[in-house]
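Colleague: Before I use this model, please take me through the words applied to it, setting each value against its definition.

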Amino acid sequence: MNPTMIQFFHWYSEGDGKLWNEAQKQAKYLAKLGITSVWFPPAYKGTNGGYSVGYDAYDLYDLGEFDQKGTTATRYGTKNDYLKAIKALKKQNIEIIVDIVLGHKAGGDELEKFKAVKVDENNREKVISDVLEIESYTKFTFPGRGKKYSDFEWNFTCFSGVDYAEGMDSHIYKIQSEYGDDWEEMIDNEKGNYDYLMYNDIEHRNPFVREELNDWAKWYFDQTDFDGVRLDALKHISFDFYKEWLTLLRSNTGKNIFAVGEYWAPGYLHLLQKYIEVTEGCMSLFDSSLQNNFHNASKEGASYDLRRVFDETLTQADPMHAVSLVANHDTQPLQDLEAPVEPWFKPIAYALILLRKDGYPCVFYPDLYGAHYIDKDRNGNEQEIFMPKVDGIEALLKARKEYAYGEQQDYFEDANCLGWVRKGDDQHSGCAVVLSNKDAYNKPMEVGKNYSGKKFKDVLKRFKNKVIIDENGWGDFLVPAGNVSVWIPE
């Protein structure tokens, strides 16, 4: 079966401790749609306890088990709920992809004194102060958990930088450390060096830290039997660290753990390719360039040349390492990296990632279920956001599951209307797909002489009429204006 991932959360997923229970209830439905893997949010306790989305990681060993940061459960439920959800999904042969946040820690338990220098926020290589003695919350003792599972205590030697100093201005402070006075090496020079992102930046050159994070990964696997990992914020973490971490994880578990990383660099394909090169292909990456193309295409409408939609994308350049997506929790409205795809274009975008041979598609939770939330925009004004479920998303998913197989023949001669045919294989019939960002079209395409005289129907039900295949194996396939149609043999 074609692999299909779902990101089973979004930034505003309800903070009522119910997500794990919902996943358990949705397991059979997801399997029916052809979902083969579920990417869950960070499951460990964040600094805001039951309010944390999870990317402000506090205690990696607390999966909703200990009374810490004001709650026992995380935003998504208790550890017991989490394990039940995993079991229910695995029963439906759906793999579990866990979210890994190892770039920073937040919510330290005690202040420590140490030496640091201020750096320029826009050029972190530029030191703008003398060496200072500062105090920051860099000691983690985990009073609610104690030493259960691990007796490792994090202190300032485990971090390379902080953004908080007691009694001083909020700033980025580079810790003066035995592991180096410079930031760790990155593959790009954005902001001089973008090692530092937020909170307490983890010092991956500290061998004790590396050992602890390797031990924790094996512990996490033993607790959950996960099948894959989504690696957060690769742009801000030493590429050497994750190359080693994944090698040891696969070795220690005896399992070929799937890995997809978030290196968000829309429009900079060369950086994604460079990261894959320096990590020796040990992980896939989300195709941020393709997502950005979808965003632009949806904004530009009929003036966008659809033949360019895969230009400068990982899905085109290196499909074996590409996880394709239309949206995620960072690109949704009111987030810092927001790049929403307009609702009219989403069925087209999903057809482009679900029904073609290249890439490993990832569906976003609100696009399948819808979402409604309120938050402040960049100007501090409160906004109410409705994200409707994507029109026809279930039919597109089922078409991927049942028909998107075999040789692919493209009909990309028109700037406003693309088409392609999947010829099928020994077990599956094929399909014909047509999409338009302008007018209604008739697209002649060849499905094969083996279908001569057969009728094709539109699974999205845009058309009641059938397409009859001629004696040469050709059909005249229709698409409505600004939409998509998917045709299968009746």
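Modeller: Glu262 sits in the loop between β14 (258–261) and α5 (269–278), where helices are DSSP runs of H or I with at least four residues, strands are runs of E with at least two, and both are numbered from the N terminus. The model is predicted, so local features need pLDDT of at least 70 and side-chain atom pairs count only at pLDDT 80 or more, whereas totals for chains, interfaces and linings use all residues. Residues are numbered from 1 along each chain as its sequence is written, and side-chain values use heavy atoms, with hydrogens and water left out.

Colleague: Why is Glu262 called buried?

Modeller: Buried means under 20% relative accessible area, exposed means over 50%, and partly exposed lies in between, computed with a 1.4 Å probe on protein chains only. Glu262 has a relative accessible area of 8%, and therefore counts as buried. Leaving aside neighbours within four places in sequence, Glu262 is in contact (heavy atoms within 4.5 Å) with Arg230, Leu231, Asp232, Ala233, Leu234, Lys235, Phe286 and Asp330.

Colleague: Which residues does the annotation "active site" cover, and what is the largest C-alpha distance within that set?

Modeller: The unreviewed UniProt entry places "active site" on Asp232 and Glu262; positions are in the numbering used here, feature names are shortened, and such annotations may be inferred rather than shown by experiment. Although they are spread over 31 residues of sequence, the largest C-alpha distance is 5.5 Å, and they cluster in space. Both Asp232 and Glu262 belong to the lining of the largest pocket. On a 1 Å grid over the protein atoms alone, a pocket is an open set of points with protein on both sides within 12 Å along at least five of seven lines, and lining residues have an atom within 4 Å of a point.

Colleague: Where is Asp232 found, and what makes Asp232 buried?

Modeller: Asp232 is in the loop between β13 (228–231) and α4 (239–253), and because its relative accessibility is 8%, Asp232 counts as buried. Beyond its sequence neighbours within four places, Asp232 is in contact with residues including Tyr55, Asp99, His104 and Glu262.

Colleague: How do you know that the residues annotated "binding site" gather at one spot?

Modeller: That annotation, also from the unreviewed UniProt entry, covers Asp195, Asp201 and His236. These residues span 42 residues in sequence, yet no two of their C-alpha atoms are more than 9.1 Å apart, so they gather at one spot. Of this set, the lining of the largest pocket includes His236. Asp201 is in strand β12 (residues 200–202), and its relative accessibility of 2% is why Asp201 counts as buried.

Colleague: What makes α1 roughly parallel to α2?

Modeller: Helix α1 (residues 19–33) and helix α2 (residues 79–91) pack at an angle of about 5°, with their axes 8 Å apart. That angle makes α1 roughly parallel to α2, since angles under 35 degrees count as roughly parallel, over 145 as roughly antiparallel, 65 to 115 as roughly perpendicular and the rest as oblique. Axes are lines fitted to C-alpha atoms, for helices over the stretch in contact, and angles run from 0 to 180 degrees between N-to-C directions.

Colleague: What is the class of Asp240, buried, partly exposed or exposed?

Modeller: Asp240, in helix α4, has a relative accessible area of 38%, and for that reason is partly exposed. By contrast, Val260 in strand β14 counts as buried because its relative accessibility is 0%.

Notes
1 Å grid on protein atoms, 1.4 Å probe; cavity = no way out; pocket = protein on both sides within 12 Å on 5 of 7 lines; lining within 4 Å.
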